[in-house]
Amino acid sequence: MFGQTTTTTPPPTERGLEDLDAAALAYAARIAGLPPERRQEARDDLVRFALPFAGRLARRYRGRGEPLEDLEQVARLGLVNAVDRYDPERGSFTAYAAITIVGEIKRHFRDRTWGVHVPRRLRDLILEVGQATAALTSELSRAPTVAELAVRLETPEEEILAALESAAGYSPASLNAPVGGESSAEFGDLVGESDNALESVDDRVTVSGLLHRLPWRERRILAMRFYGNQTQAEIAARFGISQMHVSRLLSRALTWLRQAMLADAPPPWQNGAAESEPAKTRISVRQNGDRVVVEVGGEVDRDGADQLRKAMLEAVTGQPREVVVDLVGAGGFDAGGIAALMAGRDAAARTGVPLRLTRVQPAVRRSLAAAGLPAAD
């Protein structure tokens with residue numbers, strides 16, 4: 001409108017010194033008669049005019065681990081906020097802008113720079129320790145001790161130590177940082193970690209020794225269930241027994257293992273609630289015409305392997321027409337029992353006496369087949 005006086009913000013080149021208060025008042029008067037969509041130009045003029053002021057405040061915080069460019073960017077953000085919130089009726093724009101810019105810079109240090117959370121009291125002490133360290137280094141021509149820092153700051157040595165340790169959390173090293181040189185290793189590769197399985201080593205060793213005291217069938221069922229991750233139905237099909245029987249065998253074996261681990265001496269294994277003695281290998285040899293029948297019952301483990309080997313060698317030595325090994329009552333063979341059968345087979349081959357394994361349980365049949373001992377039906 002003609003005849004109206006418009007107050008504008010003078011550019012910095014037209015003023016010897018920056019007068020932010022006057023510039024802010026001129027900005028407030030300029031936008032008073034303008035619609036919101038036309039106030040952007042005046043706002044940009046005031047922000048450009050005050051940029052050197054924001055830069056001076058940012059430079060006060062340089063040397064604290066943050067690039068000066070980042071601090072200047074944060075200070076400019078604070079300046080924009082001060083311009084947008086400025087109200088001439090509340091006092092000096094310079095004081096308000098300084099508080100807003102410094103607050104934005106401190107917020108940046110609080111939220112963006114510390115790698116770990118450190119209490120504000122400790123962060124302030126870290127700054128004081130840094131300043132005292134620089135002053136004492138200049139005075140003593142050496143790095144000060146913790147005791148000397150404590151005397152200078154009138155602070156307990158424990159707090160000085162806490163501040164020095166916490167200062168490392170300002171910019172922690174990345175675990176993906178290279179170790180150095182031409183090595184492809186990273187810093188994280190050198191950091192150890194707790195082995196949760198270490199605490200169970202004693203239990204594993206104890207269980208391993210106790211498992212060898214169980215009958216072959218129970219050991220095999222435990223291995224299939226907990227190491228082979230097979231269901232009770234699958235185990236029952238492999239052994240030719242019912243699923244309920246597998247459940248009872250697992251329950252009895254686990255109960256015995258728990259009792260054995262808590263006792264100084266392992267209790268004797270019991271095949272059933274009414275039995276008080278552990279199952280033993282049963283070997284009987286009988287003459288059936290011109291044939292010799294070796295009947296095997298029970299679990300053939302290391303203790304019964306010698307008995308089985310001796311019986312088979314004696315049967316072969318008599319030069320019968322045939323030696324039949326009846327395994328209908330054998331519940332299982334461990335490595336010693338298998339070795340005894342193989343020794344009898346080799347002896348029969350040397351003497352020319354036919355040897356036949358018959359009436360073998362399904363679970364035992366698979367073990368014999370794996371060892372190269374075919375069984376007849």
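**Overview**

The chain holds 14 helices and four strands, where helices (H or I, at least four residues) and strands (E, at least two) are DSSP runs numbered from the N terminus. The model is predicted, so that local features need pLDDT of at least 70 and side-chain atom pairs count only at pLDDT 80 or more, while totals for chains, interfaces and linings use all residues. Residues are numbered from 1 along each chain as its sequence is written, and side-chain values use heavy atoms, with hydrogens and water left out.

**Sheet**

- The four strands form an open sheet in the order β1-β2-β3-β4 with mixed pairing, two strands being paired if DSSP finds at least two bridges between them.
- At the edges lie β1 (282-288) and β4 (355-358), each of which pairs on one side only.
- From one strand to the next, the twist averages 20°.
- Strand β3 (residues 322-333) and β4 run parallel and are joined by four bridges, and the bridge partner of Val-323 in β4 is Leu-355.

**Helices on the sheet**

- Helix α9 (residues 216-227) packs on the sheet, touching β2 (291-300) and β3, and its direction makes about 55° with that of β3; axes are lines fitted to C-alpha atoms, for helices over the stretch in contact, and angles run from 0 to 180 degrees between N-to-C directions.
- Helix α13 (residues 335-351) lies across β2, β3 and β4, running at about 175° to β3; contact means heavy atoms within 4.5 Å.

**Whole chain**

- Of the 377 residues, 34% count as buried, meaning under 20% relative accessible area with a 1.4 Å probe and protein chains only.

Terms used
Buried < 20%, exposed > 50% of the residue type's maximum accessible area, 1.4 Å probe, protein only.
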